[in-house]
Structures are given as C-alpha cells and as structure tokens.
Amino acid sequence: MNSDELPDAKLQELAQRLGARAAERLDVERTAQAVVTRLREAPRGSVVTRLWLQPAWLKVAATVVLLLGTGAVTRGLWRPQGLAPAGGEATAAGLNDLSTDQLQQLLEIVDHPTDEAAPLYPADASLDDLTAPQLRELLRSLEG
Amino acid sequence: MPHAEPVAAVPTDAALIAAWQGGDEQAAAELVRRHARALARFLASAGAPDADLDDLVQETFIRAFRGVDRFRGQCRFRTWLLTIGGNVLKDAVRRARRAKVVPLADELRATDGDPHERAVAGEAEGRLREGLGGLTRMQREVFLLRAQQGLEYDEIAAALGTSPGAARVHYHHAVKRLKEHLS
C-alpha cells in the first residue's frame with residue numbers, strides 16, 4: 001500500500017485507540033491517593049531549596065566551588081608561607097548576593113581569554129560595570 | 001414556573017491548581033482523577049511499558065504539583081502535564097538504559113505481556129506503536145498531542161516550546177513516516 005493511501009483519519013483513529021486499554025487498567029482513585037500521600041510525605045521544599053535544585057544553579061555552584069578549591073590549592077602550593085590573604089573573604093561573601101545571570105556572566109567571561117593590559121576594577125563598581133579583565137581580577141581575588 | 005435546581009459548579013483546573021497551591025490536597029487528588037487516564041494513554045502510546053505506567057503517571061503528577069508555580073496558563077493544564085509526562089518517560093528510559101535492564105528499542109516497544117491482549121490489540125496498533133518508537137521525541141509528542149489529544153498547533157507549540165509552524169512540520173514528518181511504516 002502506498003503511504004499516501006492511508007488517510008490521516010485512519011491514522012488518527014489508530015492513534016486514539018493506542019494506549020486506551022492500558023489507561024483503562026489504571027486505578028485512578030488509587031493513583032490519586034498515592035500521589036497525595038507522596039506529596040504529603042515529601043512536601044515542597046522552601047524557596048531556597050527549590051532554587052538550589054535548579055540545574056543552572058547547581059552548575060554555577062559546582063563551578064564556583066571548583067574554582068575556589070583550585071585557587072585554595074594553588075595558593076597553598078605557590079604562596080610564600082606567612083603572607084596574608086588579599087582580602088578575598090570580603091569579596092567571596094559578596095558572591096552569595098549575585099544572581100544566577102551574574103554568576104553565569106562571570107563564568108562565561110572567565111572561560112574566555114582576556115586583555116591582560118586592562119586596568120583593575122574600581123572599588124565602587126558593580127559587577128555589571130566590570131570588564132572581562134576586571135572580572136578576571138575579581139575571580140583571582142576570590143581565589144586569594 | 002418552577003425554578004431549576006442549581007447545578008453545582010465544577011471547579012476549573014485553574015481553581016483546583018489555586019486550591020492546591022493553598023494547601024488543599026483534595027484539589028490535587030481531583031486533578032489526578034481528571035487527567036490520569038489521558039496521561040496514561042499518552043505515556044502508553046509514547047512507549048511506556050505497561051508495568052511502569054502507574055509509577056510514571058504518579059511521578060508526572062508529583063513533578064507537576066511541585067513545579068506548578070511554573071505553570072502560567074500558556075496552555076491547558078492537561079497539555080502541560082503531558083509534556084511533563086514526556087520528560088518523565090525520557091528520564092525513565094535513560095535510567096533503564098544506564099542500568100542496562102532493557103535495550104531502548106525494546107523498552108519503547110514493550111507492551112502488555114498477555115499474548116491474548118496483544119493479539120486483540122491488533123496488528124495495526126502494534127505497528128503504529130513500533131512506528132512511534134522510530135520517531136524523534138518531538139515528532140512523537142507532536143503527533144500524539146495532535147492526533148490523539150486533538151490539540152491545535154498553537155497549544156502544542158506553547159507546550160513544547162516551539163512555533164506553531166514547526167509543530168505543523170513535525171506533525172507532517174511524523175504522519176509521513178508512520179504511513180510509510182504502516183504501509
């Protein structure tokens with residue numbers, strides 16, 4: 001049979017029958033009670049929990065942790081003993097205030113080569129005002 | 001002239017969703033009663049094994065209720081639910097593949113194990129199921145939402161995050177391939 005000989009109506013009819021028996025076997029009332037029970041046992045998390053469960057947040061958080069960890073290890077290997085940290089703690093504390101977009105922007109910029117000759121970021125600049133090298137510098141300061 | 005008895009208003013999906021958001025568990029249960037069979041039919045048609053159907057339906061509703069804040073009425077609740085079902089099924093198939101329980105192709109084709117029921121189901125349905133298993137996910141979902149659920153392209157597009165024109169193209173590709181498979 002040529003493919004054009006099967007009318008759409010016939011195909012639709014077949015599609016509408018498909019899965020009908022399996023659906024009929026479903027015990028809807030039992031399913032409804034099971035869903036309610038599961039919802040009750042594991043209620044929706046707080047707003048913060050739900051936000052942190054978003055994949056984008058997880059990726060950003062994992063990357064930041066990795067960068068900070070790498071920075072800490074590098075600092076431990078290369079910094080002369082007894083040298084004071086360069087004020088990274090204050091900036092790291094501010095990282096918690098960044099939005100997802102800002103963090104992603106930061107990570108994107110970190111992933112790309114930058115102009116090393118650019119000036120350092122001004123102390124009163126917001127993250128949006130910073131250039132790529134400035135953000136790089138910021139990241140360095142986070143790493144100590 | 002006698003007055004007609006007032007008919008109890010049937011709450012809309014939107015009203016039930018709002019009630020659930022306000023903590024009414026029975027509103028959630030009513031939404032399950034209302035949409036579970038359509039969801040089961042969609043999942044079964046999309047390749048869900050019968051043995052897993054109840055679990056997949058439950059998981060879909062759980063995800064939907066937990067993420068209901070993201071539902072902004074861009075399409076009907078049922079349509080939104082079906083697309084979540086598609087994701088739940090995809091995840092289940094991926095887990096099965098990782099666990100190497102059943103190869104993907106077999107998993108998608110799996111139907112009820114009862115030979116009598118399978119015989120009754122008819123050859124054409126079986127072949128359509130096979131054909132659906134050979135489509136891309138987008139083609140399969142657009143086809144089922146259109147042919148089985150009777151949705152318009154606008155709503156399908158809104159639910160699947162595509163354009164109505166693209167949904168139409170996916171549908172026609174699906175129909176063409178299914179016809180070839182059935183011929």
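1. Helices (H or I, at least four residues) and strands (E, at least two) are DSSP runs, numbered from the N terminus, and by that convention B:Q58 belongs to helix α3 of chain B. This is a predicted model, in which local features need pLDDT of at least 70 and side-chain atom pairs count only at pLDDT 80 or more, while totals for chains, interfaces and linings use all residues. Residues are numbered from 1 along each chain as its sequence is written, chains are lettered from A and ligands numbered from 1 in the order in which they are written, and side-chain values use heavy atoms, with hydrogens and water left out.

2. Chain A has 8 helices and 0 strands. Of its 144 residues, 28% are buried, where buried means under 20% relative accessible area, exposed over 50%, and partly exposed in between (1.4 Å probe, protein chains only). Contact means heavy atoms within 4.5 Å; among contacts in chain A between residues at least 6 apart in sequence, 57% join residues at least 24 apart.

3. The contact between the chains draws 44 residues from chain B and 37 residues from chain A. About 3900 Å² is buried between them, with carbon and sulfur atoms giving 58% of that area; buried area is the accessible area (1.4 Å probe) that two parts lose on being put together, summed over both. B:R37, B:R66 and B:K179 supply 18% of what chain B buries against chain A, more than any other three residues.

4. Between chain B and chain A there are 19 residue pairs in polar contact, both residues being at pLDDT 80 or more. A polar contact is a pair of N or O atoms within 3.5 Å; within protein, one must be able to donate a hydrogen and the other to accept it, and residues adjacent in sequence count only if both atoms are side-chain atoms. On the side of chain B that touches chain A, the largest share, 11 residues, comes from α2(B).

5. B:Q58 counts as buried, because its relative accessibility is 8%. Leaving aside residues up to four places away in sequence, B:Q58 touches A:T31, A:A34, A:V35 and A:R38, and its side chain makes a polar contact with the side chain of A:R38 at 3.4 Å.

6. B:D54 and A:R30 meet in a salt bridge (2.4 Å, N to O), and because B:D54 lies in helix α3 of chain B and A:R30 in helix α3 of chain A, the pair joins two chains. B:D54 is buried at 14% relative accessible area, whereas A:R30 is partly exposed at 46%.

7. Within chain B, the side chains of B:D13 and B:R34 form a salt bridge (2.8 Å, N to O), linking helix α1 to helix α2 across 21 residues. Both residues belong to a network of salt bridges that also includes A:E29, B:E30 and B:R33.

Technical notes
A salt bridge is a side-chain nitrogen of Lys or Arg within 4 Å of a carboxyl oxygen of Asp or Glu.
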